[in-house]
Each structure stands twice: as C-alpha cells, then as structure tokens.
Amino acid sequence: MFSSLVIALIMGQEGGIFALIGAGICILPSAVFALFAFRYAGAQKNKQVVQSFRKGSVLKLLLTMVLFALVFKHTTALVFPLFIGYITAMVAQWPAILFVTRRTKTTN
C-alpha cells in the first residue's frame, strides 16, 4: 500500500509496518463482511439476505474491535501510522464502490 511506503519513508520501517497492520485491520473484517453479506441473492431469499447482512455487519464490527485490541495489547503500537493505514484502506474502498455502482447502472 502506497501510504505504508510513504509512512515508512517518513517515520521509518516500524511506522510502515504499523501502517500495513492498520490497513489489514480494515481489509480483513471487510472481507468477512463480504463473505456473509453476499452469501444469498434473490427475492425468494429476502429474509436470508437481511440476516446475512446483519451477521456480516456485527462480525465486521467485532472483528475490527478485537484486532485493534490485540494490536494495542501485544505491541507498543505507533498509533498515528496504525490509524493512517486503517483510514487510508477505508477511504480507498469508496472509489471502488462508486465504480461498481456506476458500472451496474450503465449495463442495465
């Protein structure tokens, strides 16, 4: 990730590593959410779709909290790079969402 490289150049290798960890804390729970959220599709499985989104959202939140707690408990985390990595990974998802949304509208 580009932000991790920039932070590594500014704050050193340890800062870059914590920026990567922060990005991972964002990406891993998002992947778990995607696995649950898109498990079912179709109008006939409406209740299952809603339940899987709910389970995915709860798991994403809990996993994010657990991962941050583990990092803070087991390391002497550099907080700034950790959160910059997390926020950068979160913001990087937004253009992808817009791209997929626009692409879906143009194909319909």
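**Helix packing in the predicted model**

T64 is buried, at 11% relative accessible area (buried is under 20%, exposed over 50%, and partly exposed lies in between, with a 1.4 Å probe and protein chains only). The model here is a predicted one, so local features need pLDDT of at least 70 and side-chain atom pairs count only at pLDDT 80 or more, while totals for chains, interfaces and linings use all residues. Residues are numbered from 1 along each chain as its sequence is written, and side-chain values use heavy atoms, leaving out hydrogens and water.

T64 sits in helix α3 (helices are DSSP runs of H or I with at least four residues, numbered from the N terminus). Leaving aside residues up to four places away in sequence, T64 touches I25, P29 and Y86, contact being heavy atoms within 4.5 Å.

As a general point, nonpolar side chains tend to be buried together in soluble globular proteins.

What about α2 itself? Helix α2 covers residues 13-37, and its 25 residues should span 36 Å at 1.5 Å a residue, which agrees with end C-alpha atoms that are 36 Å apart (the expected span is 1.5 Å times one less than the number of residues). Its buried residues are G15, G16, F18, A19, G22, A23, I25, C26, P29, S30, F33 and A37. A34, also in α2, is partly exposed at 31% relative accessible area.

On the surface, F2, L5, V6, L9, I10, M11 and F80 make a nonpolar patch with about 800 Å² of accessible area together. For such a patch, residues need over 30% relative accessible area and no salt bridge, and nonpolar side chains (Val, Leu, Ile, Met, Phe, Trp, Tyr) are joined within 5 Å. Helix α1 (residues 2-11) gives the most to this patch, six residues. V6, a residue of α1, is partly exposed, with 31% relative accessibility.

Technical notes:
Helix = DSSP H or I, 4+ residues; strand = E, 2+ residues; numbered from the N terminus. Patch = residues over 30% accessible without salt bridge, like charges linked within 9 Å, V, L, I, M, F, W, Y side chains within 5 Å. Areas by Shrake-Rupley, 256 points an atom, 1.4 Å probe, with all protein chains shown as cover. Salt bridge = Lys/Arg side-chain N within 4 Å of Asp/Glu carboxyl O.
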